[in-house]
Structure formats: C-alpha cells, structure tokens
Amino acid sequence: MTTKMIYITAPDREAAVALARALVGERLVACANVLDGATSVYWWEGKVCEEAEAVLVCKTRGELVDTLIARVRELHSYACPCVVALPIEAGNPAYLDWIRTETGG
C-alpha cells in the first residue's frame, strides 16, 4: 500500500480550511495542514499573475488519489486547481500506519 502527500493551493485560508475539513471529514485524507501566506506567480490566460494563496499539505493512501482529485475539483473555486500527489518514500512507521487507518486502509 502506497502513501501519498497531496499539495493543493487555495485562494485564501478560509477556502483552504473548508477544503481540509471536507477532505478529512470524508476520510479522503488523514490530515491536512493549512499553510497561509504563500505567494504564487504563474501563467494564466496569456499573462503572468501574482496572487496570495494558502497551501494544503495532505496525507493519504495512494488508492484514494483519483477520488480525492475529483472531489477537490468539485469543491474548489478555481477553474483549474493545483492538486498534485507526491510519493512518501519513508517515514515514521507508526505515522504511516495512522494515515492508512484513518483513511480506511
């Protein structure tokens, strides 16, 4: 069973916390950390944009990633939300077991 870290951006802390509550409440993630105060610089619709954002760092099982991405797309206010999964290669075995348990694995 693989474990993943999910990186998601949101327009502000309030939106990030709402996403975190939904994802944890639905057991799609075991934990979501909200990091406020990010500045994102990116291309959008042919121009460079700069915006304040909040970041969510979530932990889940690999099997849930597709469902999680679909759910974020439903809940998110962005037309093209940033949701990426990164592998967790190693970690505290007890913590990794906790992630699996809290997401129904």
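In this tour, contact means heavy atoms within 4.5 Å. The model is predicted, so that local features need pLDDT of at least 70 and side-chain atom pairs count only at pLDDT 80 or more, while totals for chains, interfaces and linings use all residues. Residues are numbered from 1 along each chain as its sequence is written, and side-chain values use heavy atoms, with hydrogens and water left out.

**Stop one: Tyr 78 and Thr 9**

Begin by selecting Tyr 78, which sits in the loop between α2 and β4 (83–87); helices (H or I, at least four residues) and strands (E, at least two) are DSSP runs, numbered from the N terminus. Setting aside residues up to four places away in sequence, Tyr 78 touches Thr 9, Ala 10, Pro 11 and Glu 53. With a relative accessible area of 26%, Tyr 78 is partly exposed, where buried means under 20% relative accessible area, exposed over 50%, and partly exposed in between (1.4 Å probe, protein chains only).

The C-alpha atoms of Tyr 78 and Thr 9 are separated by 9.6 Å, although the two are 69 residues apart along the chain. Not counting residues up to four places away in sequence, Thr 9 touches Glu 53, Ala 54, Val 55, His 76, Tyr 78 and Cys 82.

**Stop two: Ala 52**

Leaving aside neighbours within four places in sequence, Ala 52 is in contact with Pro 11 and Ala 38. Ala 52 and Asp 12 are 40 residues apart in sequence, and 7.2 Å lies between their C-alpha atoms.

**Stop three: the two helices**

Select helix α1 (residues 13–25) together with helix α2 (residues 65–75), whose axes come within 11 Å and cross at roughly 140°. Axes here are lines fitted to C-alpha atoms, for helices over the stretch in contact, and angles run from 0 to 180 degrees between N-to-C directions. The two helices are therefore oblique to each other, since angles under 35 degrees count as roughly parallel, over 145 as roughly antiparallel, 65 to 115 as roughly perpendicular and the rest as oblique.

To see where the helices meet, show Leu 19, Ala 22 and Leu 23 in α1 against Leu 68, Arg 71, Val 72 and Leu 75 in α2. The residues of this contact divide into six nonpolar, no polar and one charged, with Ala, Val, Leu, Ile, Met, Phe, Trp, Tyr, Cys and Pro counted as nonpolar, Asp, Glu, Lys and Arg as charged, and the others, Gly among them, as polar.

**Stop four: two loop residues**

Go on to Arg 27, in the loop between α1 and β2 (31–44), which has a positive phi of about 60° although it is not a glycine. Glu 45, in the loop between β2 and β3 (47–61), also has a positive phi, near 50°, in a residue other than glycine. Arg 27 is partly exposed at 45% relative accessible area, whereas Glu 45 counts as exposed at 70% relative accessibility.

**Last stop: the cysteines**

How many disulfides does the structure hold? It holds zero, a disulfide being a pair of cysteine sulfur atoms within 2.5 Å. Select Cys 58, which is buried at 0% relative accessibility: its sulfur is 7.7 Å from the closest cysteine sulfur, in Cys 31, too far for a bond. Finish at Cys 82, partly exposed with a relative accessible area of 27%, whose sulfur is 8.7 Å from the closest cysteine sulfur, in Cys 80, again too far for a bond.
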